[in-house]
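Colleague: I would like a close look at one part of this model. Please take it residue by residue where you can.

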Amino acid sequence: VVVREDRPGDKRLVAYVVGDGDTPLDLDALHAHASERLPDYMVPAAFMALDALPLTVNGKIDKRALPQPPASAGSGGRAPRNPREEVLCGLFAEVLGLPSVSVDDDFFRLGGHSLLATRLVSRIRTVLGAELPVPALFENPNVARLAERLDRAESARPKLRPMRRMGASQ
């Protein structure tokens, strides 16, 4: 696992894995395994299968020769169903530097990490005016679930009634 900064200011953990050759690697299972055992900030954003690790002439791993992971892209899943989901899809894509994101795409599987999560929550506050703690994104990592979370929070908020103006005679 190495830290890569392929875009300035965007450091990501990338895991390079070499299988035994007999069985194809299940990168999704590896990601799930890491997610169950590690804190979110330690789970690699990308897992890449390699035939062999590149080595220097001294036999050490040549980190500079490790390939850049392909740019993450949305799964092409469901389109936004309402204006809130549409805005959230746009904010996810903006923060992740992707052309588009579906409502089912997982922020962290697309390369998001804790710093980008903070940036996304800040953008959500600015654009939607919604108060959202950062842990809510970790609990609701896709647009559909996050939109539901925002809807629940909004409906639970007490409605303010307009105050009656009191006249001078009262």
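This is a predicted model: local features need pLDDT of at least 70, side-chain atom pairs count only at pLDDT 80 or more; totals for chains, interfaces and linings use all residues.

Does R12 count as buried or exposed, and why?

Modeller: R12 lies in strand 2, residues 10-18. Its relative accessibility is 16%, and buried means under 20%, so R12 counts as buried. The side chain of R12 comes to 3.4 Å from the backbone oxygen of G111.

L116 leads on to helix 3, where it is buried along with A117, L120, V121 and I124. These residues sit on the same side of helix 3, because they cover an arc of only 140° around the axis. L115 and T126 are exposed on the other side of helix 3. Helix 3 runs over residues 114-128; its 15 residues should span 21 Å at 1.5 Å a residue, and the 20 Å between its end C-alpha atoms agrees with that. After helix 3 comes G129, with a positive phi near 65°.

The largest nonpolar core has 27 residues, and those touching the most other members are F92, F107, L120, I124 and L137. Helix 2, helix 3, helix 4 and helix 5 each supply at least two residues of this core, and helix 2 gives the most, with seven.

Methods
Residues are numbered from 1 along each chain as its sequence is written. Side-chain values use heavy atoms; hydrogens and water are left out. Helices (H or I, at least four residues) and strands (E, at least two) are DSSP runs, numbered from the N terminus. The expected span of a helix is 1.5 Å times one less than its number of residues. Buried means under 20% relative accessible area, exposed over 50%, partly exposed in between (1.4 Å probe, protein chains only). The arc is that of the directions from the helix axis to the C-beta atoms. A polar contact is a pair of N or O atoms within 3.5 Å; within protein, one must be able to donate a hydrogen and the other to accept it, and residues adjacent in sequence count only if both atoms are side-chain atoms. A nonpolar core is a set of buried Ala, Val, Leu, Ile, Met, Phe, Trp, Tyr and Cys residues joined through side-chain atoms within 4.5 Å.
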